[in-house]
Amino acid sequence: MDNTVLVLNGPNLNLLGKRQPEIYGRATLHDVEDLCRVTAAEFGLSVECRQSNAEHVLIDAIHEFRVGCAGIVINAGAYTHTSVAILDALNACEVPVIQCHISNVHRREEFRHHSYISKAATAVMAGFGIQGYALAIRHLAHLRAGKA
């Protein structure tokens, strides 16, 4: 099994640190990616970070990593609440999938309370800020080691 974790970020996450910092904080996507790399290295894992505002690009990345990697950490952004296509791609995965949200979506607008992709997720993180990504990678490492 490959030691790579795919960290996949969806629409508008390229604006982290600039867009609604009162909700998402001041950390940038680069900060998230650095945190993921450092955390993964603690467990002998590597990280492939990708971000796109285009649904089909996210789906293509899921297809590419759906078999053989250590797992997928996905923050699908607004596609969480709208994309059956991403759900279908995640349902084809043979690796663990951790859904991650920086904010607590359940404290926000009603439409954010529903997630299509949770149905395919091994676990869901919400409201931990960018530390949710580190927690997700730690969980994947524990699953891989048979400790979870």
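How many residues does helix α2 have, and how far does it reach from its first C-alpha to its last? Helix α2 (residues 29–42) has 14 residues and reaches 20 Å, close to the 20 Å expected at 1.5 Å a residue; the expected span is 1.5 Å times one less than the number of residues. Please keep in mind that this is a predicted model, in which local features need pLDDT of at least 70 and side-chain atom pairs count only at pLDDT 80 or more, while totals for chains, interfaces and linings use all residues. Residues are numbered from 1 along each chain as its sequence is written, and side-chain values use heavy atoms, with hydrogens and water left out. Helices (H or I, at least four residues) and strands (E, at least two) are DSSP runs, numbered from the N terminus.

- The buried residues of α2 are Leu29, Val32, Glu33, Leu35, Cys36, Thr39 and Ala40; buried means under 20% relative accessible area, exposed over 50%, and partly exposed in between (1.4 Å probe, protein chains only).
- Seen down the axis of α2, these buried residues fall within an arc of 160 degrees, so they line one face of the helix; the arc is that of the directions from the helix axis to the C-beta atoms.
- Turn to the other side of α2 and you will find Val38 and Ala41 exposed.
- The cover over the buried residues of α2 includes β1 (4–9), β2 (46–51) and α5 (131–144).
- After α2 comes Gly44, with a positive phi near 75 degrees.

**Leu29, a residue of α2**

- Leu29 lies in helix α2 and is buried, with a relative accessible area of 11%.
- Not counting residues up to four places away in sequence, Leu29 touches Asn9, Leu13, Asn14, Leu16 and Gln51; contact means heavy atoms within 4.5 Å.
- Leu29 and Gly17 are 12 residues apart in sequence, and their C-alpha atoms are 7.7 Å apart in space.

- In helix α3 (residues 55–65), Leu58, Ile59, Ala61, Ile62 and Phe65 are buried.
- Viewed down the axis of α3, its buried residues fall within an arc of 160 degrees, so they line one face of the helix.
- Elements covering the buried residues of α3 include β1, β2, β3 (71–75) and α4 (84–91).
- Two packed helices are described by the angle between their axes and the distance between the axes.
- For α3 and α4, the angle is about 5 degrees and the axes are 9 Å apart; axes are lines fitted to C-alpha atoms, for helices over the stretch in contact, and angles run from 0 to 180 degrees between N-to-C directions.
- That makes α3 roughly parallel to α4 (angles under 35 degrees count as roughly parallel, over 145 as roughly antiparallel, 65 to 115 as roughly perpendicular and the rest as oblique).
- On the α3 side, Glu55, Leu58, Ile59, Ile62 and His63 meet Ala85, Ile86, Ala89 and Leu90 in α4.

**Val124 in strand β5**

- Val124 sits in strand β5 (residues 123–126) and is partly exposed, with a relative accessible area of 45%.
- Leaving out residues up to four places away in sequence, Val124 touches Gln99 and Ser118.
- The C-alpha atoms of Val124 and Cys100 are separated by 5.9 Å, with the two residues 24 apart along the chain.

- Most residues other than glycine have a negative phi.
- Asn12 has a positive phi of about 75 degrees although it is not a glycine.
- Asn12 is found in the loop between β1 and α1 (21–24) and is partly exposed, with a relative accessible area of 34%.
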